Amino acid sequence: AAHCVALHRDEPAMDRLIEMLRDDSPAVRREAANALGRIGRSEAVEKLLEAAANLSKGNSDRFLQHAYIFSLISINDAAATRRGLRADSFTERHAALLALDQMSDSLLNASDIAPLLAASDPELQQAAINVLARHPEWTSESVQLVDRWLQERELDDDRLNILAAIVRALHEDNSMIRVLDKHLTKQNQLSLPAQRALLLVISECGVSEVPAKWKQGIATAIHSSQLEIQLAALQAAENLALTELTNDIRHAATDSSSNALRLASLRSLTALRQKLNEDEVDFLLSRFSAEIDIQKRLSAGDVLAQAQLDASQLRKLMPLLTTAGPIELPRLLTAFSEGTNTELGHQLLESLQRCEVELPPEMVEQTLSQFGDEVITAARPLLNRLKQSTHHQTARLDELEAVLGKHPSNVER
């Protein structure tokens with residue numbers, strides 16, 4: 001029926017066709033959309049966008065999606081379709097974008113694309129990138145927008161996300177590279193929010209080869225007097241795998257005025273697969289004092305877990321194993337995951353036997369197995385004890401669950 005209506009452009013049937021957009025059958029909805037497109041009445045635009053919004057994310061019918069978009073294109077009411085660009089639904093914004101890009105009377109422009117580039121939905125973001133790529137005349141406007149925003153005194157998170165998205169989309173464009181080069185070279189003239197934003201956007205742009213001026217700019221920022229700029233620069237060096245900045249990062253790791261900077265610097269060094277020296281390891285171990293906040297202890301543990309520590313450095317960790325709490329201990333144990341020295345394995349086993357916290361037996365066995373069969377054989381009594389303890393704990397929890405199931409009021413107690 002919808003097909004016949006479409007062939008004859010039966011306008012009186014509009015209301016019935018709009019109702020059919022909510023039918024359970026995708027085939028019915030598809031034919032209704034096709035019919036509405038052939039009739040060409042602007043009143044259908046809002047309902048077609050609503051139908052697009054109801055498409056299941058990640059499981060949508062591509063033919064149905066195409067029918068909605070093609071109908072919008074056929075109706076060719078750009079003003080009504082533009083409202084879909086501001087919708088909450090990603091699928092509605094996606095349909096509106098693709099339809100507008102193909103309309104003969106499209107009102108789409110570069111300023112419409114910028115927010116979509118920053119969308120958290122990968123499909124919508126990619127569609128925006130594709131549309132931008134089809135409009136080279138918009139590149140200049142986008143680059144100018146980045147240039148202008150980086151010169152402002154304040155940059156909120158929304159603008160930062162849009163900046164990052166535009167730079168990601170145009171990072172190979174020569175005019176964009178020149179703008180970023182310019183601001184990195186004169187970054188001390190930028191406001192702190194803009195300088196931080198600049199470092200963050202270049203760290204996320206995904207370049208295959210980092211320009212020399214970017215490396216110089218990041219190195220300069222690592223030596224900044226502002227902690228937030230230093231932290232952003234360290235993140236950029238880490239994300240862009242700039243091992244050539246190792247000396248700059250290591251210098252920041254010696255700054256005794258800021259433990260946060262030292263810890264971030266050591267994290268960057270380990271992410272870049274650089275070996276930590278004795279002073280750097282000693283600093284991390286010092287962060288496990290009981291007076292230090294648990295989150296800071298965990299951050300130090302994360303760095304140690306990723307570090308390439310030698311046998312002597314791993315031995316320094318062993319005293320911590322006997323006193324560490326249940327949250328820090330797994331991180332410390334991870335530092336031993338690449339060990340192969342049998343003697344070191346026996347020393348690790350001795351520390352675990354004196355440990356105040358009972359670890360999951362699977363974790364202990366996996367770590368000790370790296371040190372060979374001799375160590376695993378010696379660890380059997382410990383592993384059996386841990387397994388028995390885990391069994392008793394599980395049984396006790398089952399008993400408590402059964403009691404609480406019979407007496408729900410006990411939960412309140």
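These are my notebook entries on a predicted model.

**Ground rules**

I number residues from 1 along each chain as its sequence is written, and I leave hydrogens and water out, using heavy atoms for side-chain values.

**Overall form**

I looked up the secondary structure first. The protein has 25 helices and zero strands. I take these as DSSP runs, numbered from the N terminus: helices are H or I with at least four residues, strands are E with at least two.

I then checked the spread. The radius of gyration is 30 Å, well over the 22 Å that the globule rule gives for 413 residues, so the protein is more spread out than a compact globule. The radius is taken over C-alpha atoms, and the rule is 2.2 Å times the number of residues to the power 0.38. Along the principal axes, the C-alpha atoms fill a box of roughly 85 × 70 × 45 Å.

Next came surface and burial. Buried residues make up 47% of the 413. Buried means under 20% relative accessible area, exposed over 50%, and partly exposed in between (1.4 Å probe, protein chains only).

I also looked at contacts (heavy atoms within 4.5 Å). Among those between residues at least 6 apart in sequence, 64% join residues at least 24 apart.

**Cysteines**

I searched for disulfides (pairs of cysteine sulfur atoms within 2.5 Å). The count is zero. Cysteine 205 is buried at 3% relative accessibility. Cysteine 355 is buried too, at 15%.

**Salt bridges**

I counted 18 salt bridges. My criterion is a side-chain nitrogen of Lys or Arg within 4 Å of a carboxyl oxygen of Asp or Glu.

Arginine 16 pairs with glutamate 19, with the closest N and O atoms 3.5 Å apart. Both sit in helix H2 (residues 14-20), three residues apart, and are separated by about one helical turn. Arginine 16 is partly exposed at 48%. Glutamate 19 is partly exposed at 44%.

Aspartate 112 bridges to arginine 82, the closest N and O atoms being 2.6 Å apart. Aspartate 112 is in helix H8 (residues 110-117) and arginine 82 in helix H6 (residues 78-82), so the pair ties together parts that are 30 residues apart in sequence. I note that aspartate 112 is buried, at 12%.

Arginine 267 bridges to glutamate 238 at 3.5 Å between the closest N and O atoms. Helix H17 (residues 259-271) holds arginine 267 and helix H15 (residues 227-239) holds glutamate 238, so this pair ties together parts that are 29 residues apart in sequence. Arginine 267 is partly exposed, at 34%.

I also found a network of salt bridges linking Glu278, Asp282 and Lys316.

**Serine 191**

I ended on a loop residue. Serine 191 is in the loop between helix H12 (174-185) and helix H13 (192-203). Serine 191 is buried, with a relative accessible area of 4%. Beyond its neighbours within four places in sequence, serine 191 contacts Glu152 and Arg153. A polar atom of the serine 191 side chain lies 3.0 Å from the backbone oxygen of glutamate 152.

Methods. Predicted model: local features only at pLDDT ≥ 70, side-chain atom pairs only at ≥ 80, totals over all residues. Polar contact = N/O pair within 3.5 Å; in protein donor to acceptor, adjacent residues only side chain to side chain.
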